[in-house]
Amino acid sequence: MQTDTKSKIDQITSPAGEPVSVLRFEGDIASTSKDAVLGTYQTLPKATVKNILLDFTKVDYINSSGIALVIQLLIEASNAGQKVLAYGLSAHFTKVFTMVGITKYAGLFPDQSAALAAL
Amino acid sequence: MSGKSTSVEVRLPSRLGYEKVAMSTAASVAKLMGFREDRIEDLKTAIAEACINAIEHGNKLNEGLQVGVLMNAGEDALEIKVIDDGSGIKARPHKPDIDKKIHGEEDPRGMGMFLIQALVDEAEWVAGSNGKSSYVRLVVRLDPPTQ
């Protein structure tokens, strides 16, 4: 019943010329999404990847278990000294992420260009 | 709630993912009642979290047990009860501490009850008198009509 979460990584460059890894998610983010969220993130080499964007543009449903996976990603990124920004959340999930405090560790932006400009 | 009301009931298997059936049904009822789109989104997340708690903690993922979702659409509010066969949740909702979570001092999970309470007008958790049939009761109120 729960749809799979798809994820992929794109490598792009910020306007300031810095390399940026973009994790693009698609589908639901729930308890079954561990491999798609944490597994995909963990393929990034922590020694060299310092800027990460999370793209939620194609995500329709995120529940508290999915938010917990995002927090686990932020824990690992914080420990690795990586900067994480997120974009593409609906107005509702922007509100939910703000309510649980995620904005303190991952800035939220409406789209990729706004997130890139904030790096 | 006052005046005439309409009831809708959904029964879900205790399988994660089926909370979306309750979400879409509640959204349809709320839309018929005239709720704003942002309130419907709040309701969808609250009912999803209530159903997930019932499936995981109340019925302990036992697919032989069902989760009951009773919706009572009144003139000025929508009341929803999500019923499971557990003994009830004793913990009270607490606001997640993101700093503690990031520093490993608090479980990254455990935000469901907080979200429920934050997104609806009323939320109460009631333990069944016989140690079963516990429920969470949610109420979302329609905005008063503008003059």
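Residues are numbered from 1 along each chain as its sequence is written, and chains are lettered from A, with ligands numbered from 1, in the order in which they are written. Because the model is predicted, local features need pLDDT of at least 70 and side-chain atom pairs count only at pLDDT 80 or more, while totals for chains, interfaces and linings use all residues.

**Chain A**

Begin by selecting chain A, which has 4 helices and 5 strands, where helices (H or I, at least four residues) and strands (E, at least two) are DSSP runs numbered from the N terminus. Read along the sequence, these elements follow the pattern β-β-α-β-α-β-α-β-α. The radius of gyration of chain A, taken over C-alpha atoms, is 13 Å, close to the 14 Å that the globule rule gives for 119 residues, so chain A is as compact as a globular protein of that length; the rule itself is 2.2 Å times the number of residues to the power 0.38. Its C-alpha atoms fill a box of roughly 40 × 25 × 25 Å along the principal axes. Of the 119 residues of chain A, 39% count as buried, a residue being buried if 20 or more other C-beta atoms lie within 10 Å of its own, exposed if 12 or fewer, and partly exposed in between, with C-beta atoms placed from the backbone.

**Chain B**

Now select chain B, which also holds 4 helices and 5 strands, although here the order along the sequence is β-α-α-β-β-α-α-β-β. The radius of gyration of chain B is 16 Å, close to the 15 Å from the globule rule for 147 residues, so this chain too is as compact as a globular protein of its length. The C-alpha trace spans about 50 × 40 × 25 Å along its principal axes, and buried residues make up 41% of the 147 residues.

**Where the chains meet**

With both chains shown, select the residues in contact across the interface, contact meaning that C-beta atoms, placed from the backbone, lie within 7 Å: there are 21 residues in chain B and 22 in chain A. On the chain B side, the elements that give two or more residues are H2, helix H3 (98-102) and helix H4 (112-119), and H2(B) gives the most, with 6 residues. That side divides into 11 nonpolar, 4 polar and 6 charged residues, where Ala, Val, Leu, Ile, Met, Phe, Trp, Tyr, Cys and Pro count as nonpolar, Asp, Glu, Lys and Arg as charged, and the others, Gly among them, as polar.

**Helix H2 of chain B and its partners**

Next, select residues 19-33 and 37-58 of chain B, which are H1 and H2; they pack at an angle of about 145 degrees with their axes 9 Å apart. Axes are lines fitted to C-alpha atoms, for helices over the stretch in contact, and angles run from 0 to 180 degrees between N-to-C directions. Among the residues that meet here are B:Ala26 and B:Ala30 from H1(B), and B:Ile47 and B:Cys51 from H2(B). The residues of this contact divide into 12 nonpolar, no polar and 3 charged.

The contact includes B:Ala46, B:Glu49 and B:Ala50 of H2(B), and B:Leu115 and B:Ile116 of H4(B), and its residues divide into 6 nonpolar, 3 polar and 2 charged.

Centre on B:Ile116: not counting residues up to four places away in sequence, its contacts are B:Ala46, B:Glu49, B:Ala50, B:Ala123, B:Val136 and B:Leu138.

From there, move to B:Val136, in strand S5 (residues 134-141) of chain B.

**A loop to finish**

Finally, select B:Lys60 and B:Leu61. B:Lys60 lies in the loop between H2 and strand S2 (66-73) of chain B, and B:Leu61 is found in the loop between H2 and S2. Most residues other than glycine have a negative phi, yet phi is positive at about 50 degrees in B:Lys60 and near 60 degrees in B:Leu61. B:Lys60 is exposed, with 12 other C-beta atoms within 10 Å, and B:Leu61 is exposed with 12 as well.

Key. Contact = placed C-beta atoms within 7 Å.
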